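Please read it alongside the sequence and coordinates.

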Amino acid sequence: MSGRLSGATRLPDGVWVRGRGLREAPPGGETPEYGLYLGGPRLRARHEPALTWPHDWVLWRDGLLPSDWTTTAEKLLDLHEKAAAGQAVELACHGGLGRTGTAMACLATLSGLSSREAVRWARTHYRSRAVEVPWQRRYVTWFAAHTRSR
């Protein structure tokens, strides 16, 4: 596999990650080698049967923040590591905007962007409505500080 899925976004560090909304039809082409899905039990129950590739879920309810910030950060770092190694990875929530946009902004901070620059990057390069609410910007700020202190 090429490491780049149809519809993937190139992060500032050159790594490719496909972000999407699970409510959308899956893009054509290859399936992911790994996926990280952001949602609650209902979203998981609705979409789990279709996710036939290796994947993880983190509890992150719509409009809110991840229930476990540290575990979510570890899962995002793992996804980035897989993508950097050439695996085709996918990141998704229900709509692909708030939670997925926030996660994409977090990943953008790994290239050295500040949290503010990363949110702006996500809105320019991923989706214009990414990172929908102020508390999601707070998570990007926390993620950037948390991962830089490692």
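This is a predicted model: local features need pLDDT of at least 70, side-chain atom pairs count only at pLDDT 80 or more; totals for chains, interfaces and linings use all residues.

1. Trp16 in S2 is the bridge partner of Arg10. The two strands form a hairpin with five residues between them, and Gly14 in its turn has a positive phi of about 95°.

2. Strand S2 spans residues 16–21 and is mostly covered, with five of its six residues buried. At Trp16, the charged end of Arg4 sits over the ring, 3.8 Å from its centre.

3. The largest nonpolar core comprises 33 residues, of which Val17, Leu36, Leu38, Leu76, Leu91 and Leu107 touch the most other members. At least two residues of this core come from each of strand S3 (34–39), helix H2 (69–84), S5, helix H3 (98–109), helix H4 (115–126) and helix H5 (134–148). H3 gives the most, with six residues. In soluble globular proteins, nonpolar side chains tend to be buried together.

4. Leaving aside residues up to four places away in sequence, Val17 touches Ala8, Thr9, Leu11, Leu79, Ala83, Val89, Leu91, Met104 and Leu107. Another core, of seven residues, lies apart from the largest one; among its members are Leu43, Leu51, Trp53 and Trp57.

5. The structure holds six aromatic pairs. One of them, Trp60 with Tyr139, is edge-to-face, at 5.7 Å centre to centre and 65° between the planes. This pair links distant parts of the chain: Trp60 lies in the loop between strand S4 (55–59) and H2, while Tyr139 lies in helix H5, 79 residues apart. Both Trp60 and Tyr139 are buried.

6. Tyr139 also forms a tilted pair with Phe143, at 6.5 Å centre to centre and 45° between the planes. Both residues lie in helix H5, four residues apart, about one turn of the helix. Phe143, like Tyr139, is buried.

7. Which residues do ring pairs link into a cluster? The cluster consists of Trp60, Trp69, Tyr139, Trp142 and Phe143.

How values were computed
Residues are numbered from 1 along each chain as its sequence is written. Side-chain values use heavy atoms; hydrogens and water are left out. Buried means under 20% relative accessible area, exposed over 50%, partly exposed in between (1.4 Å probe, protein chains only). Two strands pair if DSSP finds at least two bridges between them. A nonpolar core is a set of buried Ala, Val, Leu, Ile, Met, Phe, Trp, Tyr and Cys residues joined through side-chain atoms within 4.5 Å. Contact means heavy atoms within 4.5 Å. Rings of Phe, Tyr and Trp (its six-membered ring) pair if their centres lie within 6.5 Å; planes under 30 degrees apart count as stacked, over 60 as edge-to-face and the rest as tilted. A charge sits over a ring if NZ of Lys or CZ of Arg is within 6 Å of the ring centre and within 35 degrees of the ring normal.
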